[in-house]
Amino acid sequence: MSSLKMKEAALIYLDRSGGLQKFIDDCKYYNDSKQSYAVYRFNILINPSDIVELDAELGNHILHEPLKAAQVFQSVCFTAVKTLSLIGQLQTETQINIVLKLTHLPPLRSYSLDLCEFPLDYASQRFYMMQGIVIAMTTVTKYTQGARFLCSDEACPLSKGFQYIRVHVPGATESATVRNDFLCNLCSSSLQEDRKFRVLGDKQIVEIITAKALHAFQGYSNNQPCRFQSLTIFLRDESVSKMNIGNEYKIIGIPACVKTSQTAVCIEANSIISCNPKVPSGISDNFKHLLSLTSSSCWKFTAILANIFASQIVPPGTYNLLKLCLLMSLVQTTDHNKELKNCLDILIITSDTLLVDRLLNFSINLVPRGIRHPVSTEIFPTLSRNKYGTGAVSIQAGSALLAKGGICFMGDLASHKKDKLEQLQSVVESRSITVYIPGKKFGDDVNQQMTFPVQCSFWSFVDMDSSSRKNMQKTNTLIGQMDCSLIPANLLEAFGLLISCNESSPCYPLLSTVQHTLKKAIDPEGQLYVASKKFTTEDFEKLLAFAKSLNVEFSLEAERMIHGYYLASRRIRTDSISGSKLSASALKYLVSLAESHARLNLRNKVLKEDALIAALLFETSLTLKYGATVFCVAPNAVFPFELYNEEYLEQRDIYLTQCQQQLQQFIATYGPGTTLFTSDE
């Protein structure tokens, strides 16, 4: 009676939810094909909340005994097929393969599978929800959905028909579905597969890790041992190719134990849900107050942010230019699976690599996808053999794909080999990486290739005082040009921003840095400055999260200024021999710089003041690469004065206003519409 009641509830649910009509439409497809199938596969969408409200027993069955619940729906669907004559070729109930697809699970702890907890409950074959980031995936291969077996004894009545049907169930291996040692229940003769009725489906294997495990890639340390392990997810049929490397997903699935060279826990995926972006909680009261105090200026707020940023690492007022660029790069990141359109790559030339390394490492911890690339590992995807013996090739993410939507901090550029730097240059220019899969090496007849978008910003630095650099003297250096002979020329051009950090210059006073280092050595956890107490690391995390969630658009003035500067700069940096020194991506970097400065000001509109900062930063970078031109920008143009008080901020605003007038004059002289341009240009 209980079984009959559940079947009745299942039929009512199918009718109310529209599942019955979809089932009838699917049956029509099978019936119209006029082909006899061994297995007819149907997906039924289940909303647990609705079905529990309709019938608690059936809902409990679905959530905790999904394989038995599928049999209830199998019986209901078979009865419907026979009653309504939906599929003329169908003979037995076992030919119907029902897959229950859940929309969600109850938001209760018992239905969540935390990848950080041990041991994992994989003994009970029921649905769990887990969340993780894809770090590896295989190519798509085939598996057996279902097969027909016949008794080998022709005199046996089971040597015909569709009595012996085997279908794949969650957690089962290929040998559990198809092998040669099955026996007939009637005469005990061996069963033989009728191969022409075998039904194949697509299969893909992915590996995920919890987002908490990213701390291991961020140079993060709380003096506690850190261990993380990936979890294997089996995707089948319509779920195949729905997950991308680097993205984060919620997965509803059934745990299973798979025996390879060693026993491993895996998940048979049932439903895949892309993670929604987190809604920013806003900014702290102290930042709100600071924003209101500086509302009369378009430059003061970001200047103060750069001045006080990372006071745990460097004293306020030092490395302001670098800190501003880091903040601007951070607000161009994303927290979810959204495409990152405008990256902001930064290459730093410095004589104090230790301090710069600490500063960059501190910064990447402020965003969810800040990855510090370990030199001993691969930065771009690599290939390996799949450990489950499926014949598929496993593609491992690498640091760049793992940092999707965030920052990939590569450390010292000199620590990477020449071939990796060439690969980096290609990726920075194209924002994609192509992986070639040789067929012969991995047991396939056909060579394959897969292309992955690289959606992260790259940070790196070069030691200007390295021994190899001292032995190389570059001649004929132009005014303002930096000796970048250690960096491959093409890679130097590919990086959007080149920043020089020399603490012996007035911009980086050495004494305050030494005092800061000594005080932190005595009291590592101490807050040395008022700024550290008023504007905490958590405050900056909230500020960045809010700023990067803003949708910004360009004002007409800002757009004209950006395009005018780009065309004028391209004009004066073009010669008949080597062509233009501005790369094809220069305009994108200018747009990204202007956007990020507007976001950092917590504005939705890019103004001409943002365009000025973008032009000054970009021109400073070009001067370091190629030397100064007619639009001569001082190395400290963005921060011409040390920011001690309000008076110095006012002086900076006056100076930047003068720079804006010079930029407009430069555009008017060398930009579009001037006599220097031909009609074609």
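Asp237 counts as buried because its relative accessibility is 14%, where buried means under 20% relative accessible area with a 1.4 Å probe and protein chains only. The model is predicted, so that local features need pLDDT of at least 70 and side-chain atom pairs count only at pLDDT 80 or more, while totals for chains, interfaces and linings use all residues. Residues are numbered from 1 along each chain as its sequence is written, and side-chain values use heavy atoms, without hydrogens and water.

Most residues other than glycine have a negative phi.

| Residue | Phi | Loop between |
|---|---|---|
| Arg431 | about 60 degrees | helix H12 (418–430) and strand S16 (432–437) |

Across the whole structure, three cavities of 30 Å³ or more are found. A cavity is a set of points on a 1 Å grid over the protein atoms alone where a 1.4 Å probe fits but cannot get out, and its lining residues have an atom within 4 Å of a point. Grid points are joined across faces, edges and corners, and a volume is the space filled by probe spheres set on the points.

The largest cavity holds about 70 Å³. Its lining includes Glu493, Phe495, Lys581, Tyr589 and Phe618. Helix H19 (586–600) and helix H20 (608–626) are the elements that give two or more residues to this lining, and H20 gives the most, with four. The lining comprises seven nonpolar, two polar and three charged residues; Ala, Val, Leu, Ile, Met, Phe, Trp, Tyr, Cys and Pro count as nonpolar, Asp, Glu, Lys and Arg as charged, and the others, Gly among them, as polar.

Technical notes: On a 1 Å grid over the protein atoms alone, a cavity is a set of points where a 1.4 Å probe fits but cannot get out, and a pocket is an open set with protein on both sides within 12 Å along at least five of seven lines; lining residues have an atom within 4 Å of a point. Buried means under 20% relative accessible area, exposed over 50%, partly exposed in between (1.4 Å probe, protein chains only).
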